[in-house]
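Good morning, and thank you for coming.

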Amino acid sequence: MIELPVLPTMPSEDAAPRSRFWRSVQQLQGDPAYSAFTGSELLPEAQGPPSETSRRQFLQIMGASMALAGLTACRKPVEAIMPFAQKPEEMIPGVPMQYATGMEFRGTLRPLVVESTDGRPTKIEGNPEHPESNGSTGVFEQASLLALYDPDRSRDVLLDGVASDWNAFVRFAAERHAERATGRLAVLVRASSSMTRLALRSELEAAWPGLRWVEYDAVADEARRAYGMGRRNAVRPRFHFDRARVILSLDGDFLDSTDPDHLHNTRGFARSRAVDETGEMSRLYVAESVYTVTGGAADHRLAVRRSDLPAFAAAIARRLGVGAGGAASAWTDHPWVVAVADDLAQAGPRGLVVAGDDLAAQQLAFAMNLALGATGTTVDVLDTGVAEFRLDQAAELETLIADMLRGEVDTLLLVDVNPVYDLPSSYGFREAMARVPDTVHAGLHLDETAVAARWHVPLTHYLEAWSDGRAYGGTMSVVQPLIAPLYEAAHSAIEILGLLASGIDRSGYDLVRRTWGPLIGPDFETSWRRVIHDGFLPGTAHPAVAPGTETVDPLQSALEALAEGGAPAAAATPGLEVVFHADSRLFDGSFANNAWLQELPDAVSKVVWDNVALMSPATARSLDVRVELVNGKHHADRVQIATPDGSVDLPVWILPGLADDSVHVTLGYGREITSRRARRGGNLFDLDHRTDVYGQGAVATGIGVSVAPIRPRSMATVVSESVSITRSGGDYLVASTQDHGALPEDSAEAMNRGLYRQATLEEYRANPGFVSDSEPEPIREDWADYPALWQNAHPADQPATKDNPYSPYQWGMVIDLNACTGCNACLVACQAENNIQVVGKDQVSRGREMHWIRLDRYFVGDGAEGSPEMVVQPVPCMHCENAPCESVCPVAATVHSPDGTNQMIYNRCIGTRYCANNCPYKVRRFNYYNWTGTLPESLHMASNPNVTVRSRGVMEKCSYCIQRVREANRRSNLENRPIRDGEVVTACQQACPAGAIVFGDLADPESRVAAGRRNPRRYELLAELSVKPRTSYLGRIRNPNPRLEHQA
Amino acid sequence: MSTVPHSAQTAQAIDDPPLFGADLSFHDVTELVSHHTEKKTPTAWFGAFALANAGLLLLVAMIAYLFWNGTGVWGLNNPVGWGYAIVNFVFWVGIGHAGTLISAILFLFRQPWRTAINRSAEAMTIFAVMCALIFPTIHVGRVWVIYWTLPIPNQMEMWPQFKSPLLWDVFAVSVYFMVSATFWYVGMVPDLASLRDRARSLWRRRVLGVLSMGWSGANRHWRNYEKAYLLLAALATPLVLSVHSVVSFDFAVSIVPGWHTTIFPPYFVAGAIFSGFAMVVTLLVISRKVYGLENIITVNHLEKMNIIILLTGTIVGFAYITEFFIAWYSGVPYEQYAFLNRAFGPYAWAYWIMMSCNLLFPQFFWFKKLRRSIPFMFAVSITTNIGMWFERFVITVTSLHRDYLPSSWDYYSPTAVDILTFVGTFGLFFTLFLLFLRFAPMVAMAEVKYVMPQADPHFYEGHGDGRAGADEPEVAPSVSPTS
């Protein structure tokens, strides 16, 4: 028999304490006879079951089990869903609303307008009203949408790794606050422009006498440091490329999305590249160690090792008459130096020198700008009005860590920083944290620092919480949330700081409004509504410091710094150098868990899902490492890079045009984010676990290698002493979206085919229509020339066309190659707008990436060994009028619309892939697997509801954002007017900071796109195929210096 | 008896070697062929069948895996949207050319030697087309809506797009399959009747009785039969040429450099005949030995097929060279690059396999000794099929992998699923072929008998020339055609 000793046998009534209720006096008195009488109703021998368990117990257990078993099946959902009993004003279901807000990036705010569909943010754009944005964005703003719905975001407050709650944290903070007089609090935060945070800092300082406030960024902004030396307030330089005629960049990648002022720079630069009425345009010289998009945009580019850069800059400075003190070097009479210096001197105030991550180069650039008289014209030094708190963050961190190790910090608050990961490992931050009794980490993820901290508080995404900030130029904005925090425990940085400052849990909204009270004057509510509606407060830009008020001679300090750091103007120091860069996709690693960015091809190397050690072919040869192309896949050797601080093991990638003996690595990889999601299991038959990029824990975990172990303590971006690099292995698969063939030959073939057309300014002046030179005379077809078998055989007269007449709108696109820098913003914008899925490293290496617009990168001239030029060409669908894809589809799944776009009918497609084969531009993308079927639930919310999510087995491609066209159709129909020029903006066009993409109605001769089509520089890609593409290109114009050109 | 096969003999020269070996009687032929379907199944057959069935199971498993996961299990990528599936499709369709060509075209051209081989060649055709039809079906991304390629009236008012060569394929291949199957079956009716008459068991007799459609050998039956056979041959003949022409349109109609070529239809048809004959040689060299049919399928038959292989191989090789010339002559850089890339690019190995197998090796058949050597012809038939598979691979993959924009260039390599699916189709093919060998008369007995010497009405009078001659006794005095 089954023994079920589960329930204790009922205590006999006499053993029970005296109950309040009694049945008889005998019972009350505990009479044994009574007990014997009432104890059982059966005879003693029949009493009780054979085992310990009574029949009654058995039935009880069975009954309970049955009831519980039944309950599991009929559990009601506990989520409360509620309809809008009262519809919010102005909200129409299905019609997106737009809200102005902003995203903090590198300590400044990027003003945004975010689209919200039925209460969830679905697309991010720049704020077109804002003086700094012009409606464009970079890759990070676009991709930050995905971060909101990141399935790996942390959800709970954790105390010692165990789920706690916000109230517990509030109690903890209140306790600490009560002891603030003696408590030693240290706060480690990122640089920020938030006025509320600034106010909270003062509040904290007032409340906590022992406060340590350290601002720290893994990627330092050396320009602020160079221009701010000796000043009381923090400053930042703003470059006006549109006013410049001659620009020199010293390893400064000012056109990349990682630049703090990228949008302004790109727009200004694009403007300066347009040939003006006088037939002039700017000229860009770039001296850089690695290949960047800025180098690609250059008229002259010289590969200079990063360690040589100060000497190189000093040589130019010398020629410009600054710093006669600088010693002569090998660069002094270099023809490039001479030509550039002369050109700059000639340009005078319209010359401009910019630099990158190197402090000495920045200082020299500043000195040269002063000498040229460029301050005030091409460069403004903006006064942020904030007393500068840090000029040397490495020194501040050193002292903080020393204090932590000595036990002089009681409470350490880390807000949105991840020093355990991104500080150079030699700091030993994790060990230092262990010495602090209370460490509090607030962040979006359960990251490396969160795991090491005692408390972890989930941070809100910027679209979930109130905040504020100032754009690069200073204009103030309120960051308004579009959605309540997805996870209840999440709080914003200002809320957490505010809690520690006062011990009271205050809402971010109140904190921000309190800050803004004095800012916007008496009629607060009206002005406040105005500000959050517009997204900014006009007239709050930072003033420029008057030229000539420098308190420290930048040149002098640069030379001093160089003298300290070794031989300043000496010739190239032999030996290898390692240069650290912020990754153009993951930045410092804070964007690492973003699959869009992981799969965004690097602008130059086109590598995805990995960080690689970039080097020139000659360097690779001398290190005896190779990247072998086997069956279309890149198998790279690995190298062990050892610096005095440590060593890492990285795969190699070889690029032409890099300085020799210079090895480049990027930050941001090798993250370890803890995800609570279950790993997707799999079996031999089902491949979902192999094709799902979200299937193996956090996206970023295990991708690439962290370079923190080899970063120097000084956080300098270059290490050139005692670097050793040795081959440590081979056969590492690197996924790249281009270069599946031999690199130099491919590019040469592309240029031979006239896919990318460019001319020098001279040539353009002589022959504005240079783009057509290589084309045969177009065949002018006249219908009358062809014998007609039937009367009225013209397509326009055929019944099918008559039933469905041509639309008055005929959409087309013109892409100006002279403006495009290849910054990738269009690609991510397209991905966000059109629900384009990521496929993961393995699938990219198989050539199955899904991007609808790609940036084709070719190298021109000079071979792989020299310093070839780089050109970039965005290729979306061309929407051919005579589309080769359409005629080959057996089921008519791709057809032409009356307004001239080539449309893909997903639910008709059966997936023969014939259309993709027959597409000469290869812009069609096939869903080889069910990419959307495996998406975590939260990511579905990021989808644009106006774009079909594609399933397995169908073809897809650029649609010219047909959903936006149709929206404009509806709007204009309702308003009974034609669509205005510029009313329909494609996602790529909207994001493009250079304004390189123009979309519009070709049937309207006044439209911008029609004007673009009349531009003599216009050409069609593969025009000779007579597919009549609707997308066309404007040829690029280079402006080389004749002196250097002749030498080359 | 009909006049058709008899008058075919008029073309024969006197000193042609006899078509069949030994001194076979009609009965010998019937016995030789029929007893294979009647005897106890040999153990070796079971062994072969088990092997073929394993291949078939592999095919089913690979297709199930494909349907479950998606087309991604193959090695396809963005520039190369067609790989093994389409290569295999064209390969099998090509093989499926020989049978109908032998039965129909050689019938119309009065080639008596075809009678020994046409039945098995036709069977091969039908089975090869069945293998071929699998691929366009499974290669689509959404196989569950493959019927949208058929013009089925529906409530969506959606119709296939008749401009697409893929749709032409659907019609061309399915019609070819239906006509070939009908032709094969009609030709088999007299032989099925022979089997029926020999059948011992009731069920065998009944089944064969139904299949032989009441054939009694009556004069009227023969007349109707031969009319039908002639008409079907006339119907099948253009299909032999059209089906591979249409398959070639899949490529020729596109604008991909290397595909966009007007030479494709004749070049594909020649290639198909080339590969089809090679496959027939492969199969017959084995089966005539295994089934002791050396006297019916003689070396003479094989030699004639080898001559066709030599001819079509030379045509195909000529086409390869012409393509190169035209690429240069056209002045189109994309076209020029595509062909140079074939010969010297990453897939050069495939190209040179193709060139040596298709152009070089068959040239040895200029030597009579070699084209009558069984081991040699077997080797060449195998290399020809390898070469023809690679021809389709070269055309499909090397053209796609590097077309107009170098940024999109990539490399295609098949996955294990690709390869095993192809292997699996051989399982299907041999499963069907073994069933055919076991249950159907593998040689067209009736047709062989037409062209045997005994078919000459004067044969037994002893003044025949030893072979069947024109027999027009009702019209003219009996005169030997050779006298």
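Let me begin with chain B. Of its 483 residues, 51% are buried. Please keep in mind that we are looking at a predicted model. Chain B has 17 helices and zero strands.

Next, the meeting of the two chains. On the chain B side 45 residues take part, and they are in contact with 49 residues of chain A. Helix 3 (43–69), helix 7 (165–198) and helix 12 (333–344) of chain B each supply at least two residues to the side that touches chain A. Sorted by class, this side of chain B consists of 25 nonpolar, 15 polar and five charged residues.

I turn now to the largest nonpolar core, which has 433 residues. Which residues have the most contacts inside this core? They are M368(A), A613(A), V652(A), W653(A) and V280(B). Helix 10 of chain B, residues 264–290, gives the largest share of the core, with 15 residues. Chain A contributes as well: domain 2 (98–214 + 405–534) and domain 3 (576–743) each provide at least three residues. Let us take A613(A) as one case. Leaving aside residues up to four places away in sequence, A613(A) touches V639(A), I641(A), L650(A), V652(A), W653(A), V663(A), H664(A) and V665(A).

Our next topic is a pair of helices in chain A. The axes of helix 6 (residues 195–207) and helix 18 (residues 508–519) come within 9 Å of each other and cross at roughly 90°. Helix 6 of chain A is therefore roughly perpendicular to helix 18 of chain A. From helix 6, the contact is made by M195(A), T196(A) and A199(A); from helix 18, by L511(A), V512(A) and T515(A). Four of these residues are nonpolar, two are polar and none is charged.

Finally, I would draw your attention to two residues of chain A and their backbone angles. D624(A) is not a glycine, yet its phi is positive, at about 60°. D624(A) sits in the loop between helix 22 (617–623) and strand 22 (627–630) of chain A. Is D624(A) buried or exposed? D624(A) counts as exposed, because it has 10 C-beta neighbours inside 10 Å. N631(A), also a residue other than glycine, has a positive phi near 50°. N631(A) lies in the loop between strand 22 and strand 23 (633–643) of chain A. With 13 other C-beta atoms within 10 Å, N631(A) is partly exposed.

Key:
Residues are numbered from 1 along each chain as its sequence is written. Chains are lettered from A and ligands numbered from 1 in the order in which they are written. This is a predicted model: local features need pLDDT of at least 70, side-chain atom pairs count only at pLDDT 80 or more; totals for chains, interfaces and linings use all residues. A nonpolar core is a set of buried Ala, Val, Leu, Ile, Met, Phe, Trp, Tyr and Cys residues joined through C-beta atoms within 7 Å. A residue is buried if 20 or more other C-beta atoms lie within 10 Å of its own, exposed if 12 or fewer, and partly exposed in between; C-beta atoms are placed from the backbone. Helices (H or I, at least four residues) and strands (E, at least two) are DSSP runs, numbered from the N terminus. Domain bounds come from an automatic or database domain assignment. Two residues are in contact if their C-beta atoms, placed from the backbone, lie within 7 Å. Ala, Val, Leu, Ile, Met, Phe, Trp, Tyr, Cys and Pro count as nonpolar, Asp, Glu, Lys and Arg as charged, and the others, Gly among them, as polar. Axes are lines fitted to C-alpha atoms, for helices over the stretch in contact, and angles run from 0 to 180 degrees between N-to-C directions. Angles under 35 degrees count as roughly parallel, over 145 as roughly antiparallel, 65 to 115 as roughly perpendicular and the rest as oblique.
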